[in-house]
Amino acid sequence: MRKLRWVMDGGGFWDLDISTPKTLDGLASPVPDNPLPLGLSRGTRLSRHKQIEFMQRFMHAHLTPTFAKPLGFTLQRVLTLPFSDNWNVFLLGQFNFQKFVSSIKSSKEIQVGLSSWLKTFQRHLKQKSLYALGFCSEFHLTPDDTILFGLDAYDYTDKPRGKAVLHHKFPHHDLTVEAVYPGLFVDKIGNYWDVPLSLAVDLASVTTNDSSFSYHLSGHYNSGSPELFENIQNQSAGVPPTLLPGLAFKSAFSYRKSIDIWRSEAAKLRLVQPYDIFLSSPHVSASGIIGAAATTAFGDNSVRAQVDDRQGSGGLFLEASRIKSSFLADLFGSVSFTAQHGNFQRLFLDLTRFQARLDFPSGFRFLSGATSVAQDLLNSQKPNLEAVQAICPNVTLSLQQQIVGPVSFRVDSGFKVDLKNLDKLIEAQEPVFAVEYALQVLGSAKAVAWYCPKRQEFMTELRFFET
């Protein structure tokens with residue numbers, strides 16, 4: 001669930017790995033866009049294996065449920081093998097409960113007596129297609145260096161999914177090097193794609209200042225022909241050009257400014273710890289980000305900048321077709337508004353939080369549209385519909401409401417304005433509904449159970465130090 005993570009990080013442009021129950025490690029990457037977003041997540045993230053281990057040990061959740069079509073309802077459990085203080089090995093097992101129940105119901109065998117029923121029950125349990133196994137090994141070489149190896153095996157496919165990740169923390173930067181085979185990507189429609197081999201290197205500056213300059217550099221290499229892993233919409237415009245074989249380099253430089261319009265100075269309840277320290281101060285704030293990004297591509301994927309340019313994305317576009325290379329640069333900007341009521345201390349209705357974010361992924365397209373609209377208005381003419389559409393931002397809205405104690409409900413959705421379709425002028429894009437349980441003893445941590453109707457996916461996760 002991308003939208004419910006790292007709201008403060010980069011105004012939504014530094015796109016993050018998407019949580020999904022399609023894989024045992026619970027992750028898929030967004031199909032790269034041009035020139036934004038920029039690939040990998042910032043900072044280390046608690047692996048799926050560690051999340052389940054934590055829920056088993058400290059939350060008495062012996063089985064973790066997930067749901068995804070057409071896989072169905074599954075149960076997961078992890079076995080931890082601590083070889084040393086800095087080396088852990090995890091074995092994650094998955095049982096397809098829905099498929100097991102369906103096989104029992106569809107069985108035409110007649111069971112007479114308890115022993116006959118148990119034999120049938122055991123026979124169905126031996127079906128290999130009900131199980132999946134994931135192996136994960138994490139090495140903490142130093143306090144700043146982590147290496148992860150993972151291998152997932154599924155009975156319904158002869159292609160195991162492997163991953164190797166190196167993460168290094170510099171004083172003010174995060175470096176991530178990742179190799180995935182095959183890599184799982186999800187496009188804007190919601191379809192999943194397998195790329196035989198995907199390599200990525202990502203360097204991002206890290207800052208917590210309200211006013212800060214930051215930059216993000218990344219390189220991506222894809223090899224092999226992408227294949228459709230799953231089509232949830234029964235529609236596809238073909239393989240996304242950015243997934244075609246080739247090498248791409250991206251860079252982005254931005255300036256961010258955050259201001260507090262109002263922040264409560266009222267005293268909090270004495271001797272009462274907030275359920276989440278990051279959500280314990282009523283306030284109204286705003287932030288903005290402006291920057292520039294560029295993509296240089298070599299190989300079959302170099303056509304992506306050309307395709308985007310023909311669609312009117314704007315920006316500076318250069319192409320050398322003889323050597324299969326292209327360059328695309330553009331400006332971007334974002335404005336967000338956050339309002340919170342309550343300290344998240346009392347038992348009932350002590351937290352109401354709202355956030356709205358307006359993203360302008362193409363500054364050149366926005367400036368061109370704004371100029372055209374201004375000229376039409378000055379000439380007393382009706383503004384061009386395409387120009388008005390060009391200045392419409394991508395909108396993301398989020399609302400969180402405490403229900404009782406540490407339990408809150410959250411809904412998050414993007415919205416698209418399509419002036420050419422009056423029947424669906426405003427359309428919600430991939431809404432996500434979530435129930436969060438704040439783990440008060442950890443200061444700022446929560447267990448999240450979310451459901452995405454568009455992708456028809458349900459998942460339970462742990463989040464630490466996220467707002």
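## Aromatic pairs

Two rings of Phe, Tyr or Trp, taking the six-membered ring of Trp, form a pair if their centres lie within 6.5 Å, and a pair whose planes are under 30 degrees apart counts as stacked. In this predicted model, the structure holds 13 aromatic pairs. One of them joins Trp 87 and Phe 139, which are stacked with 5.0 Å from centre to centre and 20° between the planes. This pair links distant parts of the chain, since Trp 87 belongs to strand 5 (residues 87-96) and Phe 139 to strand 6 (residues 131-142), 52 residues apart. Trp 87 is partly exposed, at a relative accessible area of 30%, and Phe 139 is partly exposed as well, at 24%.

Another stacked pair is that of Phe 213 and Phe 253, with 6.5 Å centre to centre and 20° between the planes. Here strand 13 (residues 211-223), which holds Phe 213, is linked to strand 15 (residues 246-263), which holds Phe 253, the two residues being 40 residues apart. Phe 213 counts as exposed, at 55% relative accessibility, whereas Phe 253 is partly exposed, at 39%.

## Helix 5

The 16 residues of helix 5 (residues 363-378) should span 22 Å at 1.5 Å a residue, and the end C-alpha atoms are 22 Å apart, which agrees. The buried residues of this helix are Gly 363, Gly 369, Val 373 and Asp 376. Because these buried residues fall within an arc of 160° when seen down the helix axis, they line one face of helix 5. They pack against strand 18 (325-341) and helix 6 (385-390).

At the N-terminal end, Ser 362 caps helix 5, with a side-chain oxygen 3.2 Å from the backbone nitrogen of Arg 365.

How values were computed
Residues numbered from 1 in each chain as written. Predicted model: local features only at pLDDT ≥ 70, side-chain atom pairs only at ≥ 80, totals over all residues. Heavy atoms only, no water. Helix = DSSP H or I, 4+ residues; strand = E, 2+ residues; numbered from the N terminus. Expected span 1.5 Å × (residues − 1). Buried < 20%, exposed > 50% of the residue type's maximum accessible area, 1.4 Å probe, protein only. Arc of directions from axis to C-beta. Contact = heavy atoms within 4.5 Å. Polar contact = N/O pair within 3.5 Å; in protein donor to acceptor, adjacent residues only side chain to side chain. Phe/Tyr/Trp six-rings, centres within 6.5 Å; stacked < 30°, edge-to-face > 60°.
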